[in-house]
Each structure stands twice: as structure tokens, then as C-alpha cells.
Amino acid sequence: AGIPPVALGRRRTLGELASVHAGFRDEYYGLVDAVAEADDTTSGWSRLVTAGGIDPCRLLDRGERFAGRHWREPVVDVTVLQGRSARWAQVQAGPKLLVATQTKVLEAAADPDGALLGSVPVLCVRPHDPDRLWHLLAALHAPAVTAWLFRRSAGTALSAGACRPTKVLLEALPVPDDGAAWDRAAAAARAASADQTDVAEVARLADAALGVDDDALLAWWDARRPRR
């Protein structure tokens, strides 16, 4: 499939630094009646984010498609959720990353304020230490990590050209060692989230933090990433 080889060796995993949560059909359908368009009466509601609304390091500002219709700015009243949907909202409370599925490279966005609610099949990554949120965001955008995941999930996505992160695979993702290199990647990820730098710089620094210096791998990732 043209996936570049990667050798990351034995190192810490994402699951050692964060908890990963996945929802299912019950969580999805439980949100349907709690969604509304944002207006003056929905202050304090959580913004709904679908997988299609996530880009590398940021959220798209073009509305969302949920439950068979297009929403300009969907928000969720979490106070009316019940059962598994309520628990799905509870695990997303607080700082987190929202990770899209069925994408050509790993794509995640940060929610440092806990104001977002991801809709199934979005995955939720809750760092044990909220101060490491940007470090983990950077790690997810290392081209070596996307290639690592592709080699373990090939053929399981709806499209042969898409990667399919799962709770188990995200927990097993290799992450960089602590140090200045990962700090630089984290700073770039934070800047990219504010549209202050290009995500390609995050990718380059994240690979460097993993000890990877491979122009062909970076070019493979760059050719696949969305430009929207």
C-alpha cells in the first residue's frame, strides 16, 4: 500500500499517559434529541464535534453533519442526557483530545477547556496530566505514528486508503521521550491549533522528538494530509 517502514523501538505508549474512550451506537443515538443550533438560549451547552469537523491540530469552521442533517453550529444540552450517553459526556468533561476516524492521516484537535463533546465515532483522549495535552497532540501528528498505525490497521477502514484508529491502537501508540525536542513539538502543536503555524512544522518536530529523520516519510504524510 506504499506505507513507509518505521522503526520506533520499545518506548512509552499513549496509554501510559492518557485514558482513551470510545463510544458506540447507544451513545450516538442518545445525543440526537439533545442537539440544537447555538443561540441565545443555549449558553453553556457543549459544542458538538463530529469526525468530519476535525482537521490536524484544529477544528473546521464549516458546520457539522449529524443525524442526517447539516448543522451550522450544533450544541448539546448534556444535562438532559441519560444512561450511556450521559456517561459518554462525563468521560469527555475536562481537557482532552478528540481524534477523528476514517482519515488519511491521524487527525486530532485539542479541547483544553472541556467545552466540546465528540460524537461517535470520535475518540476521546484524556491526559492524566492536563499540562501534557499539547505534547500528546503533537505526538498524534508525527508522520511516523500515522505510518505505525496504518501498518496495524490496514484493511479495517471503510476505505482502503484510510486509517482507522481504535481505543486499543491509540493506547499502544509510541510517544516521544520527555525533553526539549518534545517540548518544541508541543509548542508548535499549540501554535497550529491557533492557526499560528502550519501543521507540517508540528509533523517535522514530532518525528524529531521520536528520533525519526526521514524526508520520504514526511513527504508521504504531507501528500496525504487535508488542506481545507
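User: Which residues lie nearest the centre of the largest pocket, and what makes a residue part of its lining?

Analyst: Ala22, Pro121, Leu123, Arg164 and Pro165 lie nearest the centre, among 14 lining residues. A lining residue has an atom within 4 Å of a pocket point; a pocket is an open set of points on a 1 Å grid over the protein atoms alone, with protein on both sides within 12 Å along at least five of seven lines. The model is predicted, so local features need pLDDT of at least 70 and side-chain atom pairs pLDDT 80 or more, while totals for chains, interfaces and linings use all residues. Residues are numbered from 1 along each chain as its sequence is written, and side-chain values use heavy atoms, leaving out hydrogens and water.

User: What volume does the largest pocket have, and what classes line it?

Analyst: Its volume is about 230 Å³, meaning the space filled by probe spheres set on the grid points. The lining has seven nonpolar, four polar and three charged residues.

User: And what lines the second largest pocket?

Analyst: That pocket, about 200 Å³ in volume, is lined by 13 residues, with Cys57, Arg58, Leu59, Ala110 and Ser193 nearest its centre. Strands β5 (58–59) and β10 (108–111) each supply at least two lining residues, and β10 gives the largest share, three residues. By class, the lining has eight nonpolar, one polar and four charged residues.

User: Why is the contact of Asp178 with Arg12 called a salt bridge?

Analyst: Their closest N and O atoms are 3.0 Å apart. The rule asks for a side-chain nitrogen of Lys or Arg within 4 Å of a carboxyl oxygen of Asp or Glu, so the pair qualifies. Asp178 sits in the loop between α6 (167–172) and α7 (180–193), and Arg12 in the segment before α1 (14–17), 166 residues apart. Asp178 also meets Arg132 in a salt bridge, at 2.7 Å from N to O.

User: What makes Arg225 and Asp198 a link between separate parts of the chain?

Analyst: They form a salt bridge, with N and O 3.1 Å apart at the closest. Arg225 lies in the segment after α9 (215–224) and Asp198 in the loop between α7 and α8 (199–209), so the pair ties together parts 27 residues apart in sequence. Arg225 is buried at 12%, while Asp198 is partly exposed at 41%.

Technical notes:
On a 1 Å grid over the protein atoms alone, a cavity is a set of points where a 1.4 Å probe fits but cannot get out, and a pocket is an open set with protein on both sides within 12 Å along at least five of seven lines; lining residues have an atom within 4 Å of a point. Ala, Val, Leu, Ile, Met, Phe, Trp, Tyr, Cys and Pro count as nonpolar, Asp, Glu, Lys and Arg as charged, and the others, Gly among them, as polar. Helices (H or I, at least four residues) and strands (E, at least two) are DSSP runs, numbered from the N terminus. Buried means under 20% relative accessible area, exposed over 50%, partly exposed in between (1.4 Å probe, protein chains only).
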